[in-house]
Amino acid sequence: VFVHFLDTDRALVLLEEYCKKLRKPEEQQLKKAIRKVMGIFKSSLFQALLGSLTEKATRHGTISQSSLTASVACDVLGCPKD
């Protein structure tokens with residue numbers, strides 16, 4: 001059950017690529033926020049919580065691993081709810 005780690009690594013790569021494109025002064029606040037999210041994704045606490053949630057959810061068949069990762073990421077980033 002290592003899919004969540006691969007998803008997190010992929011998200012970090014994409015966020016890093018996006019950050020490199022943010023060069024304008026008015027984009028620096030966004031860049032700072034993205035770097036903060038990246039720090040959270042890299043933290044051992046986040047990885048442990050994600051692993052625990054993934055194991056419980058997949059064991060009970062309540063959610064797929066990839067949708068759980070997306071859900072946690074949206075909670076952290078403040079994505080709009082449907």
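## Surface and overall make-up

About 5900 Å² of the protein chain is accessible surface, and 61% of this area belongs to carbon and sulfur atoms. Accessible areas come from the Shrake-Rupley method with a 1.4 Å probe, and for residues only the protein chains shown count as cover. Of the 82 residues, 26% count as buried; the classes are buried under 20% relative accessible area, exposed over 50%, and partly exposed in between, with a 1.4 Å probe and protein chains only.

The protein chain has 4 helices and 0 strands, in the order α-α-α-α along the sequence. Helices (H or I, at least four residues) and strands (E, at least two) are DSSP runs, numbered from the N terminus. Of the contacts with a separation of 6 or more, 51% are between residues 24 or more positions apart, where contact means heavy atoms within 4.5 Å.

## Model and confidence

This is a predicted model, in which local features need pLDDT of at least 70 and side-chain atom pairs count only at pLDDT 80 or more, while totals for chains, interfaces and linings use all residues. Residues are numbered from 1 along each chain as its sequence is written, and side-chain values use heavy atoms, with hydrogens and water left out.

The mean pLDDT of the protein chain is 76, and 57% of the residues score at least 70; pLDDT is the predictor's confidence in each residue, from 0 to 100.

## Nonpolar core

The largest nonpolar core has 10 residues: Leu12, Leu15, Cys19, Leu22, Ile34, Val37, Met38, Phe41, Phe46 and Leu50. Two or more residues each come from α1 (3-21), α2 (28-42) and α3 (44-59), with α2 giving the largest share, 4 residues. Such a core is a set of buried Ala, Val, Leu, Ile, Met, Phe, Trp, Tyr and Cys residues joined through side-chain atoms within 4.5 Å. In soluble globular proteins, nonpolar side chains tend to be buried together.

Leu50 belongs to helix α3 and is buried at 2% relative accessible area. Its C-alpha atom is 9.5 Å from that of Thr8, 42 residues away along the chain. Leaving out residues up to four places away in sequence, Cys19 touches Lys31, Ile34, Arg35 and Met38.

## Aromatic pair

The whole structure contains 1 aromatic pair. Phe41 and Phe46 form this stacked pair, at 4.9 Å centre to centre and 25° between the planes. Rings of Phe, Tyr and Trp (its six-membered ring) pair if their centres lie within 6.5 Å; planes under 30 degrees apart count as stacked, over 60 as edge-to-face and the rest as tilted. Phe41 is buried at 4% relative accessible area, and Phe46 is buried at 11%.

## Salt bridge

One search result covers the whole structure: 1 salt bridge, defined as a side-chain nitrogen of Lys or Arg within 4 Å of a carboxyl oxygen of Asp or Glu. Arg35 and Glu16 form the bridge, with their closest N and O atoms 3.1 Å apart. Because Arg35 lies in helix α2 and Glu16 in helix α1, the pair ties together parts 19 residues apart in sequence. Arg35 is partly exposed at 39% relative accessible area, as is Glu16 at 25%.

## Leu30

Leu30 is found in helix α2 and is partly exposed, at 40% relative accessibility. Not counting residues up to four places away in sequence, Leu30 touches Tyr18 and Leu22. The C-alpha atoms of Leu30 and Cys19 are 8.6 Å apart, with 11 residues of separation in sequence.
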